[in-house]
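Please look over the protein below before reading the notes that follow.

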Amino acid sequence: MDQQSLLEQALKSVANAIFITDGLPRSTMTPEDPNITPWDIHEEDFPLEGSSSEKLSFLLRYAILAPSTHNTQPWKFAAGSETVDILIDRTRWLKVADADQRELHVSVGCALENLLIAAEHFGYRCLAAYFPDAEKAALAARVTFLPDGHPSAFRSSRLFRAITLRHTNRNVYLPHPISFAALRQLQMCCVEEDVQLHLSDDANIKQEVNSLVVRSDTVQFADPAWREELAHWLGEGGFGTPRFMAKIAQ
Ligand SMILES: Cc1cc2nc3c(=O)[nH]c(=O)nc-3n(C[C@H](O)[C@H](O)[C@H](O)COP(=O)(O)O)c2cc1C
């Protein structure tokens, strides 16, 4: 099957997904519904006088704004008075596209990072234990919150403000290279030992990466199960931006 036919098939699946989305009973939603305006969080609403678990629950509003693969948001939380358990919701695992669960774990890690940034902003010191209970496969991390913290060198208050502004940008690339200053700033973000950023403007490397991306796209689009999974998540609102949807539909 040639690439054109594969894309046509993918388009049909995507069109079905769009139809399902359009069939939602939107009239039942109100602008205040936290499911549609989750970004509308006000720092001053932090329940200073509330119970500890109310305070921790407020932090979760920042955690859920994290990016996730296909926008699956594969996380659940259990907030206690001093701890939050972050659980992996495997009903939202991309079994085809992410068979080894790598992106599943990265996504849950993004929610954890948002939670830690928000917690430090509101004055907590956080102790994160990864996979604290071998018996519980869903339990990714347990964070203990201590009320004597301050923003760490890794998580500045600028990052906190970025949580509600951040979104994936699928617009066309700018017609000029990224400035040296911006690249330097990116490089300076890598302050933890196990994080590395490799930048390259070598034409051969870019060409090689480009061919790998085209090859991998072709392999993925050739798999009906992969297309079906993608269509399902598009129908759930994954990849939300209309421009990206239009691009896929092309
Ligand atoms: C592990 C991971 C992998 C992702 N892979 C892709 C990708 O291959 N292509 C893409 O356009 N977006 C990718 N994204 C971005 C998600 O689609 C995006 O985070 C999600 O749709 C939510 O939108 P938002 O980032 O604007 O909140 C990825 C995100 C994560 C966390």
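Leaving aside its neighbours within four places in sequence, which residues is I86 in contact with? I86 is in contact with W75, F77, V108, A111, L112, A140 and A141, where two residues are in contact if their C-beta atoms, placed from the backbone, lie within 7 Å. The model is a predicted one, in which local features need pLDDT of at least 70 and side-chain atom pairs count only at pLDDT 80 or more, while totals for chains, interfaces and linings use all residues. Residues are numbered from 1 along each chain as its sequence is written.

**Overall make-up**

- The protein has eight helices and four strands, which are DSSP runs numbered from the N terminus (helices being H or I with at least four residues, strands being E with at least two).
- Along the sequence these elements follow the pattern α-α-β-β-α-β-β-α-α-α-α-α.
- The protein has 250 residues, of which 18% count as buried; a residue is buried if 20 or more other C-beta atoms lie within 10 Å of its own, exposed if 12 or fewer, and partly exposed in between, with C-beta atoms placed from the backbone.
- Among the contacts in the protein with a separation of 6 or more, 64% are accounted for by residues 24 or more positions apart.

**The sheet**

- The four strands form an open sheet in the order β1-β2-β4-β3, with antiparallel pairing; two strands pair if DSSP finds at least two bridges between them.
- The edge strands of this sheet are β1 (75-79) and β3 (125-130), each of which pairs on one side only.
- Neighbouring strands of the sheet are turned by 20 degrees against each other on average, direction ignored; axes here are lines fitted to C-alpha atoms, for helices over the stretch in contact, and angles run from 0 to 180 degrees between N-to-C directions.
- Strands β1 and β2 run antiparallel and are joined by five bridges, and a hairpin of three residues connects β1 to β2.
- Within this pairing, K76 has L87 in β2 as its bridge partner, and A78 has D85 in β2.
- Strand β2 (residues 83-88) also pairs with strand β4 (residues 139-146) in the antiparallel sense, over five bridges.
- D85 has R142 in β4 as its bridge partner, while L87 has L139 in β4.

**Helices on the sheet and the nonpolar core**

- Helix α2 (residues 52-63) lies across β1, β2 and β4 and runs at about 165 degrees to β1.
- Helix α3 (residues 102-121) packs on the sheet and touches β1, β2, β3 and β4, its direction making about 160 degrees with that of β2.
- Strand β2 has a covered face made up of V84, I86 and I88, and an uncovered face made up of T83, D85 and L87.
- The largest nonpolar core has 25 residues, and those with the most contacts inside it are I86, V108, A111, L115 and A119; such a core is a set of buried Ala, Val, Leu, Ile, Met, Phe, Trp, Tyr and Cys residues joined through C-beta atoms within 7 Å.
- At least two residues of this core come from each of α2, β2, α3 and β4, and α3 gives the most, with nine residues.

**Surroundings of the ligand**

- There are 14 residues around the ligand, and P67, N71, V106, H167 and T168 come nearest; a residue is near a molecule or strand if its C-beta atom, placed from the backbone, lies within 6 Å of it.
- The shell around the ligand has four nonpolar, eight polar and two charged residues, with Ala, Val, Leu, Ile, Met, Phe, Trp, Tyr, Cys and Pro counted as nonpolar, Asp, Glu, Lys and Arg as charged, and the others, Gly among them, as polar.

**Two partly exposed residues**

- F160 is in helix α4 (residues 157-163) and counts as partly exposed because it has 19 C-beta neighbours inside 10 Å.
- Leaving aside its neighbours within four places in sequence, F160 is in contact with I117, A118 and H121; F160 and E120 are 40 residues apart in sequence, and 8.9 Å apart in space from C-alpha to C-alpha.
- E236 lies in the loop between α7 (224-235) and α8 (242-249), and E236 is partly exposed because 17 other C-beta atoms lie within 10 Å.
- The C-alpha atoms of E236 and T72 are separated by 8.5 Å, with the two residues 164 residues apart along the chain.
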